[in-house]
Amino acid sequence: MTDLLAPLQSLKQGNWFKLICGASFQHLPTVRNLTLAYTLAGADCIDVAADTAVIAATQEALMVAKSLAKVAQERGFAFTGNLPLLMVSVNDGEDPHFRKAEFNSQHCPSDCLKPCEKICPAQAILFNNTKDELSGVIREKCYGCGRCLPICPYGIIYTKSYVSTLGEVAPLIMSMGIDAVEIHTQVGRLAEFQRLWAAMTPWVDKLKLVAISCNDGEGLIDYLKAIYDLIVPRPGFLIWQTDGRSMSGDIGDGTTIATVKLGQKVLTANLPGYVQLAGGTNSYTVSKLQSMGLLNDLGSQDHNPQSKIAGVAYGSYARVLLSSILDELESKEVINTDSQGNSRLEARPELLWEAVRLAHTLVSQIKSGRLR
């Protein structure tokens, strides 16, 4: 399905852009429409939940994008039909990306101001006035950011975590054309990582890329070096994803500082592979990297992409950037829907190309100026 040369070339050049739909985000219309818009805007990788329905919706969007390549070029976008890599995530233990918020809305006092509903960036908390309608967490929309937990005045919101295992993902790699796998781990879980990698070994040669995502912590560099020693056979391409401040990029510009600092820290370790930022990334990230000299400039005589940040992944910020478009799409009755009755972005061309324009304002930050 995918022309792998283009996205992997972006990684080599240091202008790699990844869209994170969310390891536990399963709202099919949003995943599909985000994938379509960001693919047409030039994304190199789409990271989605390891769920057959989510993967199918993503692949459908990729095919729609490919069919619109000529129109995209006519509208001034650089998309040529080379599709991004399709990535799914697994975890070797408890991780905030693999959890859902839960609570019983019947336990909410009638006079509660419901701050959880207002703060949820995914609009995953809903209160209805009638007993017959759903109230509480819409599971497929929740991606585990946890912002509702501390704000609940009565402390009745909790999270339920899960592990996405290789036993579940391996058949998807074989049957659904997955290009890449991201492993979420944490410092101190070497034994758990080793077990996961042992289960993954038979499938590594089917992948074009493996990413290791880890937060900062005491002993991080030693932990990553130990992980690298375990990663045999070596994947064709290896990314170290520095998860600075998970799922926070839409909060404010300052959230990007943590991931930039973590990226610097991992770069100094000179680990084989590429360093890519995530967690707290937003419109400020690329300019911060540029000001610190952390992005490769192909116009420079000193061209060593593995000594610089190779790319940036955007999750919550990328979703919020298009939220007004997606909200408008869902609010209107559209004839062209999928089998579940969900609106398709391409059925409203004026909304589609506005979404692509907005997505391109983000994608172009890492792309513009890197190729001269």
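Two strands count as paired if DSSP finds at least two bridges between them. Strands themselves (E, at least two residues) and helices (H or I, at least four) are DSSP runs, numbered from the N terminus. Keep both in mind as we walk through this predicted model, where local features need pLDDT of at least 70, side-chain atom pairs count only at pLDDT 80 or more, and totals for chains, interfaces and linings use all residues. Residues are numbered from 1 along each chain as its sequence is written, and side-chain values use heavy atoms, with hydrogens and water left out.

Strand β4 (residues 99-102) is joined to strand β7 (residues 158-161) by 4 bridges, and the two run antiparallel. Arg99 has Ser161 as its bridge partner in β7. Along β4, Arg99 and Ala101 point one way while Lys100 and Glu102 point the other way, yet all are buried. Buried here means under 20% relative accessible area, exposed means over 50%, and partly exposed is what falls in between (1.4 Å probe, protein chains only).

Now step back to the whole chain. The protein has 14 helices and 12 strands, and buried residues make up 54% of its 372 residues. Its accessible surface comes to about 15,700 Å², and 50% of that belongs to carbon and sulfur atoms; these areas come from the Shrake-Rupley method with a 1.4 Å probe, and for residues only the protein chains shown count as cover. Take the contacts (heavy atoms within 4.5 Å) with a separation of 6 or more: residues 24 or more positions apart account for 79% of them.

Next comes the barrel. It is closed, has 8 strands with parallel pairing, and runs β1-β2-β3-β8-β9-β10-β11-β12. From one strand to the next, the twist averages 25 degrees. For angles like this, axes are lines fitted to C-alpha atoms (for helices, over the stretch in contact), and the values run from 0 to 180 degrees between N-to-C directions. To see one of the pairings, look at strand β9 (residues 209-214), which runs parallel to β10 and is joined to it by 5 bridges. Cys214 has Thr242 in β10 as its bridge partner.

Helix α8 (residues 190-200) touches β3, β8 (180-185) and β9, and its direction makes about 165 degrees with that of β8. Helix α14 lies across β1 (16-20) and β12 (309-314), running at about 145 degrees to β1.

What about the aromatic rings? Rings of Phe, Tyr and Trp (its six-membered ring) pair if their centres lie within 6.5 Å; planes under 30 degrees apart count as stacked, over 60 as edge-to-face and the rest as tilted. By this rule the count comes to 7 aromatic pairs. One of them is the stacked pair of Phe77 and Trp353, at 6.0 Å centre to centre with 15 degrees between the planes. Phe77 lies in the loop between α4 (69-74) and β3 (85-91) and Trp353 in helix α14 (residues 349-367), so this pair ties together parts that are 276 residues apart in sequence. Both Phe77 and Trp353 are buried.

Phe237 and Tyr274 have ring centres 6.2 Å apart and planes at 20 degrees, so that pair is stacked. Phe237 sits in the loop between α9 (220-230) and β10 (238-243), and Tyr274 in strand β11 (residues 274-278), so to speak a link between distant parts of the chain, 37 residues apart. Phe237 counts as buried because its relative accessibility is 16%, and Tyr274 does so at 11%. Ring pairs also link Phe17, Tyr38 and Tyr314 into a cluster.

A charge sits over a ring if NZ of Lys or CZ of Arg is within 6 Å of the ring centre and within 35 degrees of the ring normal. Arg234 lies over the face of Tyr228, at 3.8 Å from the ring centre, and Arg319 lies over the face of Tyr143, at 4.0 Å.

Finally, a few backbone details. The peptide bond from Val232 to Pro233 is cis, with omega near 5 degrees, and Pro233 lies in the loop between α9 and β10. Lys114 is not a glycine but has a positive phi, near 55 degrees. Lys114 is in the loop between β4 and α5 (115-119) and, with a relative accessible area of 25%, is partly exposed.
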